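Trainee: I am new to this structure and would like to learn how to read it. Could you take me through it one feature at a time?

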Amino acid sequence: MGVTILLSYPVPENKTGPQTVDLLIKRIGALGAVQSGQFLVDCETFSSGPTMGGPPRTVHVLHNSEQPAAVFALLESPGPPPKTVPLVADGLFDLLMLKMSSIYASKKQTRMEARGTRFEIADFLVKIGTVTMSSNFKGVLVEVEYRPCFIAGNCWELMREFMQSFLGSVVQNTPPPYFQVHNRLNDVYQPLDTIQQYLDHFASYRKVAGL
Amino acid sequence: MSTNSTSIAMEAPVEMQIQEIAFDGQETYAPSLSMSENLTKLAQKIDFAKCGPEEVNKEITEIDRNEDEAEQSTAPPLWPWDSVRNKLRNALTEVSVLSDLLTIAKGKKYVVLDPVPQDPPEPKPAMMMVWARKKSFAGAASVLFSGAERLKNSLIEAQKNRSTTADFHIELLRLRQNFRLKKVNNTIIGDLSYYRSSGSKHFHRGTFEVTKSEDEPDKLLSPPCSPNPNSANKLTSALRVTVPGELQGIASIKVYFQKDQDSLCSSNLNTPDTAFSIPEIDWQRKLEVAQNVLFCKEIFNQLAKEAVQLQSPIPHVVVGNQILASIFPGVQLVICLSHMEMSTDGKASLPPPIPRHDQVLEHTLHQLLRELHEKNAHYLLPHPASAPLGPSRKRSCAGPYAMDREEFVEMTESQTMLEQVIQQAQHTQLRDRTLCILDKLATQYKDPLISVHWLWLNSPTYACIKVTIFAQGYDEIYRNLVIIHVHDTYLKCISRDGKVVQLSYESMELKNYILCQICRHQIMAVQYLAKAMGWQCVANSFNLGSGTLVETFGNASSCILVSPVGDRLISIHCDQNSRVQVSVAQTPRKDFFPGQLVKERKWENLGNSFKEVQWEKMIGKNFLGKMELLMTSLTSSWMQ
């Protein structure tokens, strides 16, 4: 699992989502990328009912096709202090959530998905995906992974240069906000970090009303 | 009649009974009975038992109740309900008497109830119990005693006979500790096969029969009691083990390499002189040998199946009891099942001696089959216990550890037994070849010394070598290192400057590579030596090629050094056979004469042509020693 940077590519005014995706695919193809399958990251949200007592807590259950056997769950409890508890579990966790449907109710309309194609170029892995929330298009997410390195601080410059080569000026010169807190640039990168980045982006997409 | 009589008033008694007298004296009379009521009352007073003449002779008391019953039973039944009426009447009498008695006893004036004194309980005869117990104990003790007598007698007998024969049942017990036995009708059948009991999928009826040996007790042996190999085994056995025909004899898997031959297989004829007789062995070893035969057959079957199914560039050949698999072009791995069968007269025929049988690979085959068995039979308990039972531990942890798709693909890849054996055989061959080449080079080259160090941490398909090239006495100045990773079909060489080269199994490639490294070492060492002495390197070239020489191995390289003052130049050329040509030049030229084209004096600084040094006549232990001497002599001033 290498360092992964997730970027939200803004759709230009005069273009639609699929057109943007095609443009990016063409650019990355020009760099010599080889298509190698599809990918899917989805997120389902469960909210705790009144039986639990206290302020309602949310559980986000995410799946990543890159780690097919794992299910990621993030519990956000707003009670002071607000904290997020992450969990990496086996596939049986989905069944566990089904059993707890009386306590944690699933909000079906907020199910978000990022789906698209994955490309391999040398040591990089690029995934260009469209984000949809119950079949409504929300945006375009680009995920770039540099496989040999697992400390973000060591390869940020390299990745920035690579991303700027096909994404242009969308890429900022400073690391994304996820890496700037808690000294994450010098920590060993985990698959959970990818999932948390996805969750942050999904949350921001949810706030954007009606697209 | 007197005149003083008193008149007496006579009045009838009160006809109505007084029911109640009120507190004010008012009397309440019970209503008088009517005629029918009166009659009923009078009738009730009649005791019907008294009707008839018998009544006169008896007294109606409780004690005569029995008589009543007896008399009543003999009296002819007057009407059908007679007996019922009699019985009811008697019951009524009894109950009436009882109620009268209780009423009177309640008054406590005429009859008083006294408790009936209880009889004291009969004292248990204590002595009786003791005697009874003693008797029962004596009975049990006698049974046990007789059993103990019997055991003692048999033990004495066994002690007397211990030196000669062992008891059949004791032997059977020992046999049962090691092998599975069951009794079928009247015979005892044992099972030698691995099928289903330890995860084998190969079905073979490996049954043997156990019988008593009564007629020839001298020939059969029983296994030694202690594992001490020095104790002589003199015991004869009471049981005989009959092993099925196809499992008799001694079998083993022979693995060896052979160069490509034109014929597919060859056989040798044996003369009777080579026969020998297998000595009689005890039943434990006999059964072990038979089981080994079964195991070897299973190995060979499995390998033959895989050899037919596997696709490889040069197909594997299965002929008779041999499997030929080609490892490298020109080298074949031969796996053969050698089974020394017993002939009818007890003598066995020896198979032809196999040249250079590789025991390590044979052991590998045994281990691989056992691994296969264990994978089939042995299930890991998953944590938590509710998880599915099948997957391996790595697969169960795949979820919580968030494993990638590549790791999954790696997990699903598995190799068959034959592939694994071929891989190990390839590695063995490649390692041997590498060893030969390096040894030959090390003995051949004395000027830069080659030292080879094999890392002790290795696996059946991987080894690592560290080759150091250095000059004797100058190893602190410069030392060239090459790390060689030996895999199964290729070598990976990493040189000191970080270049990674992948070489194939051809041994000449490795020789070429090492010679290039030697050449490189010479020039690099000279440069470092020059730096230590103050000389500068102005030009070098490492890949000059081999030119028009016939030999195509190795490389030539050269460099040019200039003295600290700047007046001497040394040019060194090192070719692939480690021959060096050293030439020296001097600036300014001594023999400069301005000619037509070159007029000015300053051109004398360009330096004249190089003059070759007679290197054999130089004093010095090795190339670097000689170079050191040369540089020293050129630096010092009196050589001007």
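Mentor: Gladly, and let us begin with a term: a residue is called buried under 20% relative accessible area, exposed over 50%, and partly exposed in between, using a 1.4 Å probe and protein chains only. By that rule A:E113 is buried, because its relative accessible area is 17%. Before going on, note that this is a predicted model, where local features need pLDDT of at least 70 and side-chain atom pairs count only at pLDDT 80 or more, while totals for chains, interfaces and linings use all residues. Residues are numbered from 1 along each chain as its sequence is written, chains are lettered from A and ligands numbered from 1 in the order in which they are written, and side-chain values use heavy atoms, leaving out hydrogens and water.

Trainee: Which residue forms a salt bridge with A:E113?

Mentor: A salt bridge here is a side-chain nitrogen of Lys or Arg within 4 Å of a carboxyl oxygen of Asp or Glu. A:E113 pairs in this way with A:R111, with the closest N and O atoms 3.1 Å apart. A:R111 also forms a salt bridge with A:E44, where the closest N and O atoms are 3.5 Å apart.

Trainee: Are A:R111 and A:E44 buried or partly exposed?

Mentor: A:R111 counts as partly exposed because its relative accessibility is 29%. A:E44, at 18%, counts as buried.

Trainee: Where do A:R160 and A:E157 lie?

Mentor: Both are in helix α3 (residues 152-167) of chain A, three residues apart, about one turn of the helix. A:R160 counts as buried at 17% relative accessibility, whereas A:E157 counts as partly exposed at 46%. Salt bridges that share partners also join A:D42, A:E44, A:R111, A:E113 and A:R115 into one network. Over all chains, the count comes to 16 salt bridges.

Trainee: How many helices and strands does chain A have?

Mentor: Helices (H or I, at least four residues) and strands (E, at least two) are DSSP runs, numbered from the N terminus. Chain A has five helices and nine strands, following the pattern β-α-β-β-β-β-α-β-β-β-β-α-α-α along the sequence. Chain B has twelve helices and 22 strands. Buried residues make up 45% of the 211 residues in chain A and 31% of the 640 residues in chain B.

Trainee: How do I read a nonpolar core?

Mentor: A nonpolar core is a set of buried Ala, Val, Leu, Ile, Met, Phe, Trp, Tyr and Cys residues joined through side-chain atoms within 4.5 Å. The largest one has 47 residues, of which B:L175, B:F208, B:I253, B:I335 and B:L365 touch the most other members. Helix α6 (residues 283-309) of chain B gives the most to this core, with twelve residues. Apart from it lies another core of 30 residues, among them A:V21, A:F119, A:V126 and A:Y178.

Trainee: What does B:S338 touch?

Mentor: Contact means heavy atoms within 4.5 Å. Not counting residues up to four places away in sequence, B:S338 touches B:I250, B:A251, B:S252 and B:K254. B:S338 is found in strand β11 (residues 331-340) of chain B, and it is buried, with a relative accessible area of 11%.

Trainee: And how is an interface described?

Mentor: The size of an interface is often given as the accessible area lost when the parts come together. Buried area is that loss (1.4 Å probe) for two parts, summed over both. Between chain A and chain B it is about 1000 Å², of which carbon and sulfur atoms give 52%. The contact takes 16 residues from chain A and eleven residues from chain B.

Trainee: How many salt bridges are there between chain A and chain B?

Mentor: The count is one. B:E406 forms a salt bridge with A:R147, and their closest N and O atoms are 3.5 Å apart.
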